[in-house]
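Here is a short briefing on strand pairing, pocket and core. Start with the structure itself.

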Amino acid sequence: MKIALAEERQEDAWFDLSLRQLRVGEVRFYKVDDLLTGKWLFKVCIDKENSKSMVKAIKCPAGILFSQLEGNTMLFQKSIISEDLFYDVISLTRVDSEGKVRREIAESIEEVPSVIRENFDVKPYEEATGKKLPTSYLVTLTKSDNEKDMIKLFLLQRAWTLPMEEKQKTLNLMALIRKLEKASVAEIRSVATEQFGIEKDALDSLLTDLEAKGKIKRLDEGYVKAA
């Protein structure tokens, strides 16, 4: 996942839904190239007066599911654990029977994806905020000035938990083949299954389709490369 600062504004405005008012402060835009999901554009709004930052998805990869994340926000607020730590309530995306993307609050550590548990501090809501809730919510902790980690958490909670769409599978597969240059089908199958969740039959079908469109070439001894 590559995250690069695209633009920085020392003063700009945004509407805070939680406060129901217009806020003014520093705003930064980041371009993200995520091998698993695609290219994104994020806006990070820093509200120093209220000790919080808001991450907003401005532009998402193409697709019915990803498009529903456009305009979504994630709020990071000051934790009582440390002056320089922000917390956010862990909520994961799910797709309902009508194909609509919904959010569900994670209430047990087992629900939290391992990639989040292994790379971020996960704490009970009460420990991070000093407030009690009827249910046992969980939060992640990040440094208050680490906006790239906040963006990563948005993607890990909102985008990586969605089922991958066929177009994105093709884009990811082509990116993988280009990265590996000359690669064996067995190697591609191993990486595609582990990183992208593409099963063997689906992978063989995608490779056949890419070959028919002239985007890849099959070489001897089970190797392929980008055309």
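In β13, Tyr 223 is the bridge partner of Ser 184. The model is predicted: local features need pLDDT of at least 70, side-chain atom pairs count only at pLDDT 80 or more, and totals for chains, interfaces and linings use all residues. Residues are numbered from 1 along each chain as its sequence is written, and side-chain values use heavy atoms, with hydrogens and water left out.

**Open sheet**
- β11 and β13 (residues 223–226) pair in the antiparallel sense over 2 bridges.
- Strands (E, at least two residues) and helices (H or I, at least four) are DSSP runs, numbered from the N terminus.
- Two strands pair if DSSP finds at least two bridges between them.
- The open sheet has 3 strands in the order β11-β13-β12, with antiparallel pairing.
- Its edge strands, β11 (183–184) and β12 (216–219), each pair on one side only.

**Around β6**
- β5 and β6 run antiparallel, joined by 2 bridges.
- They form a hairpin with 6 residues between them.
- Lys 78 has Phe 86 in β6 as its bridge partner.
- β6 also pairs with β10 (residues 138–143), antiparallel, over 5 bridges.
- Tyr 87 stands opposite Leu 141 in β10.
- β6 is largely enclosed by the rest of the structure, because 4 of its 5 residues are buried.
- Buried means under 20% relative accessible area, exposed over 50%, and partly exposed in between (1.4 Å probe, protein chains only).

**Largest pocket**
- The largest pocket holds about 390 Å³ of space.
- A pocket is an open set of points on a 1 Å grid over the protein atoms alone, where a 1.4 Å probe fits, with protein on both sides within 12 Å along at least five of seven lines; lining residues have an atom within 4 Å of a point.
- Volume is the space filled by probe spheres set on the points, which are joined across faces, edges and corners.
- 17 residues line this pocket, and Thr 73, Met 74, Leu 75, Arg 103 and Arg 158 lie nearest its centre.
- β5 (73–78), β6 (85–89) and β8 (101–105) each give two or more residues to the lining.
- β5 gives the most, with 4 residues.

**Nonpolar cores**
- The largest nonpolar core has 33 residues, of which Trp 40, Phe 42, Val 55, Leu 69 and Ile 151 touch the most other members.
- A nonpolar core is a set of buried Ala, Val, Leu, Ile, Met, Phe, Trp, Tyr and Cys residues joined through side-chain atoms within 4.5 Å.
- α4 gives the largest share of this core, 7 residues.
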